[in-house]
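Hello,

Here is the structure I promised to pass on. Could you look it over while you read my notes below?

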Amino acid sequence: MISVRNLVKYYGPTLAVNNVSFEIEKGTVVGFLGPNGAGKSTTVRIITCYLSPTSGSVQVENHDVLTDSLEVRKRIGYLPENAPLYLDMNVVDYLKFVQKMRVQESSENGRRIKIVVERCGLGDVLHKNIGELSKGYRQRVGLAQALVHNPDILILDEPTVGLDPNQIIEIRDLIRELGREKTIILCSHILPEVEATCNRVLIINEGKIVADGTPAELQASFEGKTRISIQIKVNVDSFRDHIAQLNGIDRVLSSRPLGENLLEIEIEAVKGFDPRENIFNLCKADNAVLLEMKREETSLEDIFRKLTRKEE
Ligand code: ADP
Ligand code: MG
């Protein structure tokens with residue numbers, strides 16, 4: 001378990017992390033989501049013992065980052081924002097070198113490198129210098145170095161930045177696969193990435209945690225009034241009034257002609273009410289042909305924007 005309590009970090013006068021607390025259970029894949037400058041990297045640098053906090057505490061499996069940092073580091077694999085790779089080393093030598101720094105000599109080590117190489121799809125580039133590799137392959141080497149000591153916890157800071165769409169999908173698949181057996185913290189400012197890979201989301205903004213839950217929980221707690229838009233073919237002029245008076249309708253937001261007798265109407269329902277059946281029955285009664293009915297739900301993206309937008 002990772003336990004962060006009242007964490008505060010100042011860089012000189014800049015408050016980067018402002019009293020952050022959270023706990024992460026073993027086996028969870030957590031998306032640590034926030035706009036640039038929110039404090040994600042600073043928080044994970046403290047968890048990984050690269051920075052010390054101004055105040056507050058962090059414990060990893062009951063080991064404190066300040067007093068017991070070796071034990072903490074043994075348990076964590078970390079891919080920083082800019083993976084620190086030695087460009088003049090070849091892939092396999094680099095991985096062996098990193099492993100040697102982290103764990104004692106053992107007959108297991110060679111096997112572990114093989115597993116990691118296979119996992120990260122590095123078989124074809126083992127003897128290439130890292131400097132010759134594409135950004136996608138370098139990122140895989142970065143992931144591989146985070147895995148060579150077989151840590152239970154993996155912390156990945158924006159692992160897909162700068163990759164092309166195919167490479168992004170590959171890395172996301174890999175993260176999802178690793179998530180079956182490891183606790184993962186994935187820092188990202190990209191929502192679909194977090195939605196695709198994580199079972200819990202922590203949203204941070206201006207150094208503070210502003211939301212915490214599963215994607216479904218966040219959606220449920222932010223669910224506002226349901227919006228429904230319909231496209232209909234109708235001859236009855238008063239259809240708009242009829243719909244406004246319908247049980248469960250709060251107001252008609254807009255009504256737009258799309259062609260002859262063709263209308264697009266946007267409606268807001270009373271909170272917690274699903275008026276779709278009533279709308280359908282009204283269409284039947286008014287002889288309107290219902291061409292389309294769409295219910296718009298709050299997306300994680302709406303929530304993220306709402307929570308992290310700067311007030312104008
Ligand atoms: P994120 O990873 O969410 O983009 P960071 O943790 O990198 O956010 O940054 C949080 C805040 O701390 C920002 O205002 C950033 O400018 C500031 N900051 C980050 N690193 C340093 C540093 N080494 N020195 C001074 N300020 C920093
Ligand atoms: Mg960052």
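Let me start with ligand 1: one of its oxygen atoms sits 3.1 Å from a polar backbone atom of Ala38, a polar contact (a pair of N or O atoms within 3.5 Å). Lys40 also reaches the ligand, with a side-chain N or O atom 2.8 Å from an oxygen atom of ligand 1. For Ser41, a polar side-chain atom is 2.8 Å from a ligand oxygen. On its own, ligand 1 exposes 560 Å², of which the protein buries 62% (Shrake-Rupley areas with a 1.4 Å probe).

A word on how to read this: the model is predicted, with local features needing pLDDT of at least 70 and side-chain atom pairs pLDDT 80 or more, while totals for chains, interfaces and linings use all residues. Residues are numbered from 1 along each chain as its sequence is written, chains are lettered from A and ligands numbered from 1 in written order, and side-chain values use heavy atoms, without hydrogens or water.

The residues around ligand 1 include Tyr11, Ala16, Pro35 and Thr42 (a heavy atom within 4 Å). Helix α1 (residues 40–47) gives the largest share of this shell, three residues (helices are DSSP runs, H or I, of at least four residues).

Elsewhere, helix α5 (residues 135–147) packs against helix α6 (residues 165–178) at about 15°, their axes 10 Å apart (lines fitted to C-alpha atoms over the stretch in contact, with angles from 0 to 180 degrees between N-to-C directions). The two helices are therefore roughly parallel (an angle under 35 degrees).

Best wishes

Conventions. A polar contact is a pair of N or O atoms within 3.5 Å; within protein, one must be able to donate a hydrogen and the other to accept it, and residues adjacent in sequence count only if both atoms are side-chain atoms. Angles under 35 degrees count as roughly parallel, over 145 as roughly antiparallel, 65 to 115 as roughly perpendicular and the rest as oblique.
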